Amino acid sequence: MSDLSAVFKRQGYIVLPQGLTDTEMETLENSSQTLYQRAEQLLADIAASGKTLSEFYQQQSDALIVVPEIDNASKVCRYEYISGSCAPVREQIIPKLQQYIETLAGTPFTLFKDKCNAKNPGGGAFEPHQDVIAYNQFNPQYHITAAIFLDDATLENGCLNFPENYLADVAELENTPMETPVGTLPILASYDGGRNNGNIQQSICEQIRWQSIPARAGDVVLFDSYVPHYSEKNDSQKTRRAMFFTFNALSDGDHYQAYYRMKREQFDNPAFHVATPTAHSRLND
Ligand SMILES: O=C(O)CCC(=O)C(=O)O
């Protein structure tokens, strides 16, 4: 991993081709089907109850979090709280991802949050952003996410795009420097409020040399919370599901339950809907 660590430090991301085995992918596939059905059912139940999502989640302490599509309130865009909801993922998948991250970073990490983006046909574009600004209500200032694709991610269905070397591209631009365990990393200027809340400003995006990173189901893409990234909308006829498990250094504390407690209590807070193609991004307007 030491070569990989150097690449990770420079680029902010690396790909571990087929980082999960067929058996592990089977576990994820089965879990994702159960969780997706539960998420759909939750949206239907909440709609039938006449409550808003915010009203519903304020009264929940342990429910799966579900966020609908921007143009269809009954369609699941994303669900979260996977580890808290699903023992096979918690026990079989997360420890393996944690191991990859700890080997890469050389220090213990713990789960901070998790989510699955459904990326339905015709939707699901994520504008360029840095994840760190969506997490800054909590103490850790540095995170590493493991992205796993349940379906092959292609140019057509909206794979991830990362910069070739954003640290070089933005070196001369104004930014907010942050001290992290891997050195000083920049927070780039982003839009504040409105439906572009959290998106990196256009003039900066234009300075970055982007590259598309298609991935096969079973590949693991590790990226830190500073590396800018985006994905286009899904122009295919099938969903492109991907799960994202975000970890922070254990020395910064364990925040998983506190994060989801706050998210349920403040469901409409724009800080929880940064650069997302969900109905909630419209609440910023
Ligand atoms: O699912 C995707 O294509 C992008 C996800 C992403 O960037 C995010 O959830 O922050």
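A disulfide is defined here as a pair of cysteine sulfur atoms within 2.5 Å. The model is a predicted one, in which local features need pLDDT of at least 70 and side-chain atom pairs count only at pLDDT 80 or more, while totals for chains, interfaces and linings use all residues. Residues are numbered from 1 along each chain as its sequence is written, and side-chain values use heavy atoms, with hydrogens and water left out.

By the disulfide rule the count is zero. The sulfur of Cys 116 has its closest cysteine sulfur in Cys 77, at 10.0 Å, which is too far for a bond. Cys 116 is buried, with a relative accessible area of 3%, and Cys 77 is buried as well, at 2%, where buried means under 20% relative accessible area (1.4 Å probe, protein chains only).

The ligand is surrounded by a set of residues that includes Arg 78, Phe 126, His 129, Asp 131 and Arg 240, counting a residue as near if one of its heavy atoms lies within 4 Å. Polar side-chain atoms lie 2.6 Å from a ligand oxygen atom in Ser 231, 2.9 Å in Asn 117 and 3.2 Å in Lys 115, where a polar contact is a pair of N or O atoms within 3.5 Å. The protein covers 98% of the 290 Å² of accessible area that the ligand has on its own, by the Shrake-Rupley method with a 1.4 Å probe. Strand E4 (109-117), strand E5 (126-129) and strand E12 (229-231) are the elements that give two or more residues to this shell, strands being DSSP runs (E) of at least two residues, numbered from the N terminus.

Key: Buried means under 20% relative accessible area, exposed over 50%, partly exposed in between (1.4 Å probe, protein chains only). A polar contact is a pair of N or O atoms within 3.5 Å; within protein, one must be able to donate a hydrogen and the other to accept it, and residues adjacent in sequence count only if both atoms are side-chain atoms. Helices (H or I, at least four residues) and strands (E, at least two) are DSSP runs, numbered from the N terminus.
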